[in-house]
Amino acid sequence: MYRKFFGLSELPFKSTPNVNMFFGEASRQSTFEALLYTIQRGDGIVKVTGEVGCGKTMILRMVAENLDNNYKIVYINSPNLSPKDILFFIADELAVSVNYDLAKFQILKLIKNRLIEYFSSAKKVVLLIDEAQSIPIDTLEELRLLSNLETNEDKLLQIVLFGQPELDTALKKPEIRQLASRITYSINLPKFKPTEVMSYLNYRLRAVGYRGLDIFDLKMAKEIYKVTDGLPRGINEVADKLLMAMFSQGDTKATRKHLKALQLRPVFFSRKKAPYFISISIVLVSVSAFVFNSLNLKYSDELGVETINPSASKLQQEREASPILTRTLKQESLKEIAEPTIIEHSIDERKEVKPLVTEIIDTGSFEKNLVLSHLKAIEIFNSIPDEYNVIQLATVTSDAVQDQVQAFDSDSTVAGRYILLVETLPAKKAYRVKFFLKSFGNYSMLSKELKQLSVSVKSSNPYILSIKGLRARAEEISLEDLK
């Protein structure tokens, strides 16, 4: 009902995860990048935990969306299966024909044979399990046995577990300590801070076409934080209702009156605060019982939520600078992050550095040209907003740079479309070079670009990373640094 009023192409706060509106702040982007890295590296078991509604399924779908055709994905979203049933499920996903009368070891052998077939064809199998806290103990042990399937050097099956904090509790049980010891990487998704709530709300709106002034300011974000505890799922539900309330009153900026109309109450119970909640509850019940027995008075069962302020210890967090998105909208030379296009960043022709191969052939001043190209890349990256991402094509050591340059210059999918950064390694008296595709956008956009790269380029395992993180690590260098 409110889409036309706000100029939106679709609803911005649906409960179902939409990878086209992936929000990279609050460790989401770094978590996604870390998962891709561990999968590409071949780690056996990885675990991601977080509270209900914190965005685990979104991360899972981002991973599934960005793994190329070299990976076979097996997705389980209802893992409350018996040990034998989970083997049948995996066998079915791998197109292995099995009879239910077979013993578990026979099913396991058939699965292993199929995994070896995938491995022989250079294809990795990744098992993504959502709601992993629901997995029975016996079934967790079966996953451990599956994780043992390997060659002399590589795992035949990689497993990523996504679950609530109860999963951590289950893994501490003595009977599955062997599985816990095989987890090579553990990640916890934090809740949003108030500043991240504001950035998230306005980002989602602009991702679906909103072009006006920010609807949610920091003051309003703090109020929403109080009633959602900073969890994205709750934020989506509240924001959707707020937009409806604003539409009904003809308003274009969210205020406390709209939130008050929803009659929501602050969230003050969480796992971390449970001991305090229990203690306060005991005191309140004792006092109430005393008053009731002594004076025979009726008392209300409504607790004073104002007595517990979940944000009282987070004043310093709330003083953080306003999000980058506000600054992004002021950069007229760049399209807004929500536009479904890839931004090609052009370089001033008068300052364009000659192609590296030409320099190698004509003058041999390769290191000098590396430095010039590096400085030009820093200039480009400094002009791109933090919310954008880029594809890292390859990382090579100093002795392989020239060969990599020639390979890229002869490849039609990247020729003339890459830039590079040089990273010095003083301890080793060497350097390495990172190559990037000269296209910038969100994950959904760049994932399509990634799929269009040639097979030879994909062999370098290119991946998507953030401009913000990249810029933080880029340093200016001189020719002396490379000698």
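User: Is Arg41 buried, partly exposed or exposed, and what is its relative accessibility?

Analyst: This is a predicted model, which bears on everything that follows. A residue counts as buried under 20% relative accessible area and as exposed over 50%, with partly exposed in between. Arg41 has 47% relative accessibility, so it counts as partly exposed. Arg41 belongs to helix α2. The C-alpha atom of Arg41 is separated by 9.7 Å from that of Asp154, although the two residues are 113 apart along the chain.

User: Where does helix α2 lie?

Analyst: Helix α2, residues 28-41, lies across β6 and β9, and runs at about 150° to β9.

User: How should I read the sheet, and what is its strand order?

Analyst: In general, the strands of a sheet pair through backbone hydrogen bonds, in either a parallel or an antiparallel manner. Here the order is β7-β8-β6-β9, an open sheet of four strands with antiparallel pairing. The edges are taken by β7 (418-425) and β9 (463-466); each has a single partner strand, so one side of each is left without a neighbour in the sheet. On average, neighbouring strands of this sheet are turned by 40° against each other, direction ignored.

User: How many bridges join strand β6 and strand β8?

Analyst: Five bridges pair β6 (residues 389-397) with β8 (residues 430-437) in the antiparallel sense. Two residue pairs may be located in the model. Val396 has Val433 of β8 as its bridge partner, and Ala394 has Phe435 of β8.

User: How many bridges join β6 to β9?

Analyst: Four bridges join β6 to β9, and the two run antiparallel. Within β9, Ile464 stands opposite Ile391. As for burial, β6 is mostly covered, with seven of its nine residues buried.

User: Which residues have the most contacts inside the largest nonpolar core?

Analyst: The general idea is that, in soluble globular proteins, nonpolar side chains tend to be buried together. In this model the largest nonpolar core has 50 residues, and those with the most contacts inside it are Leu35, Leu370, Leu393, Val401, Val433 and Phe435. Leaving aside residues up to four places away in sequence, Leu35 touches Val46, Val48, Ile59, Val63, Val160, Phe162 and Ile187. Another core, of 33 residues, lies apart from the largest one; Leu87, Ala91, Val96 and Ile135 are among its members.

User: Which residues of helix α18 are buried, and why do they line one face of the helix?

Analyst: In α18, residues 401-409, the buried residues are Val401, Gln404, Val405 and Phe408. Viewed down the axis of α18, these buried residues fall within an arc of 100°, so they line one face of the helix.

User: Why is helix α19 described as largely enclosed?

Analyst: Helix α19 spans residues 443-451, and seven of its nine residues are buried, so the rest of the structure largely encloses it. Its buried residues are Tyr443, Ser444, Met445, Leu446, Ser447, Glu449 and Leu450. They pack against α2, α3 (56-66), β6, β8, α20 (455-458) and β9.

User: Which values of phi do Ala122 and Asp229 have?

Analyst: Phi of Ala122 is near 60°, a positive value in a residue other than glycine. Phi of Asp229 is likewise near 60°, and this residue too is other than glycine.

User: How many helices and strands does the protein have, and what share of its residues is buried?

Analyst: There are 22 helices and nine strands in the protein, and buried residues make up 46% of its 483 residues. Of the contacts between residues at least 6 apart in sequence, 75% join residues at least 24 apart. The protein exposes about 25,000 Å², of which carbon and sulfur atoms supply 52%.

Methods: Residues are numbered from 1 along each chain as its sequence is written. This is a predicted model: local features need pLDDT of at least 70, side-chain atom pairs count only at pLDDT 80 or more; totals for chains, interfaces and linings use all residues. Side-chain values use heavy atoms; hydrogens and water are left out. Two strands pair if DSSP finds at least two bridges between them. Axes are lines fitted to C-alpha atoms, for helices over the stretch in contact, and angles run from 0 to 180 degrees between N-to-C directions. Contact means heavy atoms within 4.5 Å. Buried means under 20% relative accessible area, exposed over 50%, partly exposed in between (1.4 Å probe, protein chains only). The arc is that of the directions from the helix axis to the C-beta atoms. A nonpolar core is a set of buried Ala, Val, Leu, Ile, Met, Phe, Trp, Tyr and Cys residues joined through side-chain atoms within 4.5 Å. Accessible areas come from the Shrake-Rupley method with a 1.4 Å probe; for residues, only the protein chains shown count as cover.
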